[in-house]
Amino acid sequence: MSNLPEPAPVIRLPDGTYTYADHLPTPIQPTAVPQVVHQHIHQAPPDRTVQRIALGSGIGAGTVAAGVYFGPLLVGALTAIAANLALLAFLAAVLAWGVVSVVKSVGGPDGKAAAKTLAKTRKGRR
């Protein structure tokens, strides 16, 4: 006799495939007591200082609703404007640098003198 374990019997499943009996899923035992899951959600409460001040001064719910709606809208618009202005300032700086570089390289002695004059003018304004 060999020391190998006895193979499990082969079973034919309802879909027509074959499998070993020890690979069958075990039936799920119903639990008598349902599990209680404690879920803690940490979220800061919304800031309602402006609403409290507005309602305390008696200006009404319509104004409060407008502030709640248009406040973030205004912040978004101002942020977009600031981003556009920053992009335009960067673009102007790059274009000015390009013009100065072209004038220096192409203009010969006159271009170099013009670039020096422009540089002196910039230093004088500071």
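Provenance. The model is a predicted one, in which local features need pLDDT of at least 70, side-chain atom pairs count only at pLDDT 80 or more, and totals for chains, interfaces and linings use all residues. Residues are numbered from 1 along each chain as its sequence is written, and side-chain values use heavy atoms, with hydrogens and water left out.

Confidence. I looked up pLDDT, the predictor's confidence in each residue from 0 to 100, and found a chain average of 77, with 69% of the residues scoring at least 70. Where pLDDT is low, the predicted coordinates should not be read in detail.

Layout. I counted elements as DSSP runs numbered from the N terminus, helices being H or I of at least four residues and strands E of at least two. The chain has 3 helices and 2 strands, in the order β-β-α-α-α from the N terminus. Of its 126 residues, 5% count as buried.

Strand E2. I checked Tyr-18, which lies in strand E2 (residues 18-20) and counts as exposed because its relative accessibility is 56%. Taking contact as heavy atoms within 4.5 Å, and leaving aside neighbours within four places in sequence, I found Tyr-18 touching Val-10, Ile-11 and Arg-12.

Aromatic rings. I searched the whole structure for ring pairs (Phe, Tyr and the six-membered ring of Trp, centres within 6.5 Å; planes under 30 degrees apart are stacked, over 60 edge-to-face, the rest tilted), and the search gave 1 pair. Tyr-69 and Phe-70 form this edge-to-face pair, at 4.8 Å centre to centre and 85 degrees between the planes. Tyr-69 is exposed because its relative accessible area is 54%, whereas Phe-70, at 48%, counts as partly exposed.

Helix H2. I returned to Leu-85, which is found in helix H2 (residues 61-106).

Terms used: Buried means under 20% relative accessible area, exposed over 50%, partly exposed in between (1.4 Å probe, protein chains only).
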